[in-house]
Amino acid sequence: MLATLLAMSLLGAQDGAVTPKEVGDALASLPGLEPATIYRRFIVPDGPFQGALRMGDQKGVHWYFGNLALLTVVTTNPELARGHLEAYIRNLGSINGARYLVPDTLDADLKQKMDPDSHDAYAATFLQLAVRYVRATGDHGWWDVNANAIRNIARANIRNQIKRQDESGIPGLTRAYQESSTKLGTGEPHPNDGLLMDNCEVYAGLKDVADYLTERKDPGAAGYRSDANRVARGIHRLFDETVGAWRWSDRVEKAGDAWYPDLLCQVFPEMHEVPGTFASKTAERYRRAWGHLTRSYLNWFDAPDEDFPHLIVASFSAHRRKDLKRPMWSLTRWLTRVDPMANPHKITNVADVGWAWTIKRILLEAAKS
């Protein structure tokens with residue numbers, strides 16, 4: 001019913017703008033939302049994974065989504081990020097030919113191991129979170145103590161996985177999985193794909209480290225900067241000029257219109273500000289990609305969570321001020337259904353909390369302006 005009403009409302013809200021009254025009315029009727037309070041309920045209290053952020057109440061640890069969740073609160077609650085980062089570093093090991101990574105866990109007891117969804121994106125979001133933690137706290141000593149582990153994570157999962165000219169796929173893109181590694185449990189080879197979403201996060205992680213090391217006059221910065229630029233060039237080779245959208249992988253020949261991964265991936269290059277050769281051409285690609293997403297899925301704000309969290313698109317849309325009304329509807333839909341402060345067991349993906357908070361903060365700012 002809600003989806004029908006919202007879709008009908010599009011007739012009177014094509015510009016996506018919101019008024020202070022609309023924001024006030026919407027937020028007044030919504031449940032509360034305080035990410036750090038919610039996250040503290042999900043922190044593993046003891047054992048080898050002490051400090052790690054679970055996916056939800058009595059759920060396992062999904063390191064990638066934990067990283068994304070904590071990126072939204074690392075400035076205000078850096079201690080939460082530090083605990084998660086240190087839990088990852090403590091548990092680094094090898095999995096079926098892959099080095100310097102940690103498996104996810106499915107169960108509340110954290111014993112049922114699961115293959116990471118990728119290797120490169122896990123490492124990239126780890127790097128982003130580590131740099132933001134140090135920037136938020138000025139705790140450069142923490143970085144120095146963990147520098148070897150950070151370098152090994154970056155090298156094994158990202159820098160050694162950048163495709164060369166003589167390989168299949170697009171040169172410059174990182175493989176989603178370490179070369180020659182196999183799946184946990186089955187032993188099947190991992191695919192050799194270079195994925196758009198992963199590589200945008202890889203670019204951001206490498207650039208963050210390069211910027212941080214440059215500030216500290218560390219000579220290692222140049223290598224990270226060079227690799228970030230190689231990845232950026234590879235990403236722009238994924239743009240399909242005939243469709244006006246990004247290909248989600250270097251193994252597909254054309255940009256598609258399925259919600260996930262084809263459409264959801266369209267926001268990632270702009271979200272991570274991946275530069276192209278010419279700024280004007282890059283901006284045009286961003287514009288066309290957003291148009292492809294919104295034309296292909298008019299009700300993107302109501303995309304089913306079972307396919308993939310839609311709040312990341314809503315958060316991006318609000319942050320870039322592309323549209324505020326539909327992110328407001330996304331927030332309303334999610335909070336009404338989940339009510340995370342009262343019902344933490346309803347949260348199935350901890351990163352949704354951070355994206356919801358980002359949308360709420362931006363709406364409140366917009367209402368004041």
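Predicted model: local features only at pLDDT ≥ 70, side-chain atom pairs only at ≥ 80, totals over all residues.
Skipping its neighbours within four places in sequence, His292 is in contact with Val243, Gly244, Ala245, Gly256, Asp257, Leu263 and Gln266. You'll find His292 in helix α12, which covers residues 279-296. Is His292 buried or exposed? Its relative accessibility is 8%, and buried means under 20%, so His292 counts as buried.

Now hop over to Trp355, which sits in helix α15. Its relative accessibility is 7%, so Trp355 counts as buried. What does Trp355 touch, once you ignore residues up to four places away in sequence? The list is Phe65, Leu68, Pro309, Leu311, Ile312 and Ser315.

While you're looking at α15 (residues 351-368), check how it meets helix α3 (residues 35-42): their axes come within 10 Å and cross at roughly 175 degrees. An angle over 145 degrees counts as roughly antiparallel, so that is the label for α3 and α15. On the α3 side, Pro35, Ile38 and Tyr39 make the contact, and on the α15 side it's Val353, Gly354 and Trp357. Sort these by class and you get five nonpolar residues, one polar and no charged ones.

Next comes another helix pair, α4 (residues 63-71) and α6 (residues 120-137). These two pack at an angle of about 30 degrees, and their axes are 9 Å apart. Angles under 35 degrees count as roughly parallel, which is why α4 and α6 get that description. Their crossing is left-handed. From α4, the residues making the contact are Trp63, Tyr64, Asn67, Leu68, Leu70 and Leu71. From α6, they are Ala121, Tyr122, Thr125, Phe126, Gln128, Leu129 and Arg132. By class, this contact has nine nonpolar, three polar and one charged residues.

Finally, let's look at the largest nonpolar core, which has 120 residues. Which of its residues touch the most other members? They are Tyr39, Trp63, Trp142, Trp143, Ile235, Trp259 and Val313. For a closer look at one member, pick Val313: leaving out residues up to four places away in sequence, Val313 touches Trp259, Leu264, Val267, Trp290, Leu293 and Trp300.

How values were computed. Residues numbered from 1 in each chain as written. Heavy atoms only, no water. Axes fitted to C-alpha atoms, helices over the stretch in contact; angles between N-to-C directions. Helix = DSSP H or I, 4+ residues; strand = E, 2+ residues; numbered from the N terminus. Parallel < 35°, antiparallel > 145°, perpendicular 65-115°, else oblique. Left-handed = near helix turned anticlockwise from the far one by under 90°. Contact = heavy atoms within 4.5 Å. Nonpolar A, V, L, I, M, F, W, Y, C, P; charged D, E, K, R; others polar. Core = buried A, V, L, I, M, F, W, Y, C linked by side-chain atoms within 4.5 Å. Buried < 20%, exposed > 50% of the residue type's maximum accessible area, 1.4 Å probe, protein only.
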